[in-house]
Amino acid sequence: METLGFLMDGFAVALTPYNLMFALFGAFVGTLIGCLPGLGPANGVAILIPLAFTLGLPPETAMILLTAVYAGAMYGGRISSILLNIPGDEPAMMTCLDGYPMAQKGRAADALAVSAIASFAGGLIGTIGLIMLAPVLAKFALTFGPAEYFALFLLAFATLGGITGKNPMKTVVAATLGIMISTVGIDISTGTQRYTFGVLELYEGIDFILAIVGLFAISELLFFVESRMGRGRDKMNVGKLTLTMKELVMTIPTQLRGGVLGFISGVLPGAGASLGSFISYTLEKQVVGKKGKFGEGDIRGVVAPEAGNNGASSGALVPMLTLGVPGSGTTAVLLAMLISLNITPGPLMFTQNADIVWGVIAALLIGNVLLLVLNIPLVGFFVKLLSVPPMYLLPIVTMVAFVGIYSISHSTFDLYFMVAFGVAGYFLRKLDIPLVPIILGLLLGPEMEKNLGHALVLSDGDWSVLWASPLAMGLWIVASLGLILPYLIGPLLRRRMNAAMKESPVSD
Amino acid sequence: MIIKRTLSFVAAAAVSMSAMAWQPSGKVECLAPADPGGGWDFTCRSVGNVLQDLGLVDGSVQTVNMAGAGGGVAYAHTVSKRAEDNKLLVAASTATTTRLAQKQFPGMNADMVTWVGALGADYGIIAVGKDSEYQNLSELMAALKANPKSVKFAGGSARGGWDHLKVLIAAKAAGADKLPSIPYLSYNNGGEAMSQVVGGQVDAFTGDISEATGFLESGDLRVVAVLAEERLPGKFSHLPTAKEQGIDAVGPNWRGFYMPKGASEEAKSYWVEAVDTLYASDEWKKVMKSNGLIPFHPPASQFDEFVRNQVQDIENLSREIGLLK
């Protein structure tokens with residue numbers, strides 16, 4: 001088992017006290033970010049990126065910190081779902097369905113505990129899946145030529161909106177904006193400058209870290225200023241833990257099913273964690289049938305979506321690490337971080353940056369244990385944090401964002417740019433235009449253009465090369481399915497998902 | 001008038017008197033025109049450390065990162081805002097000369113700074129996958145001469161960038177014509193380009209020897225030529241040069257410094273000597289060894305000329321492939 005050896009090396013990286021400290025810190029902050037309504041995992045990771053630069057972290061530590069935040073946010077999302085019936089992030093929507101009724105029945109502590117355990121199981125299953133699948137897929141990726149990569153990026157764009165996406169047109173607008181921004185700078189396949197207007201700072205294009213921090217973190221601050229949410233929420237009572245061992249054992253099959261389903265939907269492009277939790281919940285309902293009391297506080301209704309969304313969060317790392325194509329918004333942000341650390345995801349990363357890849361994977365496993373430990377005894381603490389007024393939180397976020405971005409390049413020009421992106425992000429969110437497709441456009445647009453160019457150079461200008469190989473053809477077919485399916489089954493899925501939702505969450 | 005002239009004479013004399021002993025006092029700045037982690041950043045940090053160890057500076061050497069326009073922002077900063085700074089070194093490499101030659105720093109040219117010296121180099125290579133039909137550079141070039149489109153190259157720089165130019169330098173030396181028709185695929189970095197060559201999607205890789213070490217050791221990549229004057233030392237000594245195959249192509253990616261043009265003559269000669277001393281030191285040899293740098297150090301008197309020649313060569317080549325009008 002070659003993989004096991006790598007994993008052991010990964011543990012050696014992740015278990016150094018320094019890295020462990022950052023994993024713990026990331027897990028804690030991630031949970032906190034996850035449980036604050038409105039702040040999803042993508043925002044969470046985006047907010048922590050400048051911190052990694054401020055502290056001058058080495059690449060593996062920076063990635064461990066961010067993946068811990070990512071996993072933590074997935075855990076934290078359930079807290080406000082259960083207590084407030086407001087999902088902390090989109091994937092935690094389904095947890096509201098049975099979590100909140102449980103809390104109303106006075107079993108909030110039980111719901112929180114069992115969902116933490118389910119998150120752990122889902123995360124564990126997902127990470128094991130990642131360990132098994134990623135190296136295989138990475139080797140397979142070596143057979144990808146420009147035409148296949150082009151089809152793959154096309155697939156990524158086609159499934160951007162996701163099967164559950166709301167407004168496909170706005171997704172297209174957002175992705176186009178991202179691609180437009182990405183054309184600024186030197187065009188590597190011709191060596192000419194595009195849209196730089198003789199401004200030296202624009203010659204290398206627009207740094208997507210700037211765009212991400214501006215769009216997510218700064219716009220968040222602007223929203224806060226607007227709403228002047230000075231007051232925190234009222235304190236909540238969690239109640240006593242009455243969960244029995246028997247109940248816990250009963251949910252084990254649910255945890256397994258949820259984790260596996262979640263992982264699969266995480267790996268699939270465009271599906272992501274929201275679908276993972278939804279499918280797990282629906283399947284659980286089918287399997288248990290009439291015996292369950294779903295919607296009225298069935299414990300399995302909390303377990304299934306939580307196992308599902310945490311499995312999916314690990315699954316979404318698979319295409320990001322092996323092919324450089326992110327399966328979700330948060331993994332897109334992680335991809336941006338990898339690229340700006342000078343690490344190219346893909347088959348090569350598994351050989352040349354093995355310490356980082358396996359360090360991150362090992363950190364995911366360790367992070368899961370840490371999160372479980374953090375979440376069971378400390379759940380009361382996180383609940384208290386829910387009542388901290390955001391006015392103490394957001395100034396810190398802003399300060400970290402400015403210091404971090406400045407410490408990357410020492411350029412005030414970049415700061416102006418970040419603020420400009422923040423203002424743009426604020427208006428885009430007002431217009432309900434999703435931000436994640438912008439980031440994906442920014443990240444993937446140039447890659448897609450480059451591969452198109454390369455494919456045509458290799459074939460001497462013959463366009464049919466783009467779908468000549470069976471692999472490329474297959475990707476084209478999946479891409480077209482990705483475009484059509486949302487129109488066929490999207491409305492159906494959405495109706496079901498929203499059926500029980502009273503408050504619609506802010507999309508990540 | 002006479003008084004003024006006398007005064008300036010006195011002043012000049014005073015300066016030259018003190019120049020005998022000009023030594024940078026206090027903090028010296030080394031400007032790395034890129035984000036932390038890259039080659040220029042490495043040049044500044046490692047040179048800074050060795051300069052301090054050798055006592056060539058009495059204070060510290062602070063590395064300042066100034067990314068942008070592939071070094072253009074730092075170049076403009078040096079020319080316009082720090083023109084007379086005696087205590088400023090700026091890291092440079094072949095990437096700097098390439099951009100200067102291709103007029104990618106608008107309104108600026110190589111004459112606007114003082115070129116201090118080089119401290120080692122990374123040499124260009126041309127390599128193919130292990131199953132490739134080409135065993136050596138001559139075979140590969142023969143195929144190119146017969147049909148310029150027959151061999152497709154992948155490299156880690158933009159079209160017209162250093163990796164692309166190395167192919168053209170070799171092809172030109174081999175006597176191939178129709179240089180613009182030779183297909184070149186640009187990737188974000190050497191690693192990405194290499195994996196396409198190893199995966200069999202593209203015929204040949206152009207890059208630097210340091211990038212290829214991993215795939216060389218695994219045997220996935222076969223180096224058909226090193227673009228160096230003579231064989232490289234150590235573990236690379238079995239790799240053939242282009243020269244020994246009868247193709248006179250050399251492509252060193254040197255690492256070194258420039259400094260502001262307006263700095264005092266004393267400061268300039270101090271830094272040129274400091275770089276010489278540093279290059280000869282055991283400490284620096286250790287740094288070169290552990291980082292895969294290969295000896296390259298034109299004598300101080302020739303470095304300026306070397307840079308100018310490189311800029312001129314690149315400019316000619318860029319014109320030939322239509323990148324420069």
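Before anything else, a term I need: helices (H or I, at least four residues) and strands (E, at least two) are DSSP runs, numbered from the N terminus. With that in hand, I placed B:K103 in the loop between α4 (94–101) and β4 (113–129) of chain B. I should also note that I am working with a predicted model.

**Entry: B:K103**

I checked the backbone here and found a positive phi of about 55°, although B:K103 is not a glycine.

**Entry: chain B as a whole**

I counted 11 helices and 9 strands in chain B. Then I looked at overall size. A compact globule of 325 residues would have a radius of gyration near 20 Å, and chain B comes out at 21 Å, so the two agree. Along the principal axes, the C-alpha atoms of chain B fill a box of roughly 75 × 45 × 35 Å.

Next I asked how much of chain B is buried, and got 49% of its 325 residues. I also looked at contacts in chain B with a separation of 6 or more: 78% of them link residues 24 or more positions apart.

**Entry: strand β1 of chain B**

I picked out strand β1 (residues 28–32) of chain B. Because 4 of its 5 residues are buried, I wrote β1(B) down as largely enclosed by the rest of the structure.

Which strands does β1(B) pair with? I found strand β2 (residues 61–65) of chain B, running parallel to β1(B) and joined to it by 5 bridges. In that pairing, B:V28 stands opposite B:V61. I also found strand β3 (residues 88–93) of chain B, again parallel to β1(B), with 3 bridges between them. There, B:C30 stands opposite B:L89.

**Entry: where the chains touch**

I turned to the contact between the chains, which takes 28 residues from chain A and 32 residues from chain B. On the chain A side, I noted the elements that give two or more residues: α16 (347–352), α19 (394–409) and α21 (436–458). The most comes from α16(A), with 4 residues. I sorted the residues of this side of chain A by type and got 11 nonpolar, 14 polar and 3 charged.

I tested the length of helix α9 (residues 208–227) of chain A. At 1.5 Å a residue, its 20 residues should span 28 Å, and the end C-alpha atoms are 28 Å apart, so this agrees. I did find a kink of about 30° in α9(A), centred on A:G214.

I counted 13 other C-beta atoms within 10 Å, so A:Y195 goes down as partly exposed.

**Entry: A:G72**

My last stop was A:G72, in helix α4 (residues 59–84) of chain A. Why do I call A:G72 buried? Because A:G72 has 30 C-beta neighbours inside 10 Å, and the cut-off for buried is 20 or more.

Leaving aside neighbours within four places in sequence, I listed the contacts of A:G72; among them are A:G26, A:F28, A:T31 and A:L371. I also looked at A:L374, which is 302 residues from A:G72 along the chain; their C-alpha atoms are separated by 9.9 Å.

Terms used:
Residues numbered from 1 in each chain as written. Chains lettered and ligands numbered in written order. Predicted model: local features only at pLDDT ≥ 70, side-chain atom pairs only at ≥ 80, totals over all residues. Rg over C-alpha atoms; globule rule 2.2 N^0.38 Å. Buried ≥ 20, exposed ≤ 12 C-beta atoms within 10 Å, placed from the backbone. Contact = placed C-beta atoms within 7 Å. Pairing = 2+ DSSP bridges. Nonpolar A, V, L, I, M, F, W, Y, C, P; charged D, E, K, R; others polar. Expected span 1.5 Å × (residues − 1). Bend = angle between axes of the 7 residues up to and from the residue.
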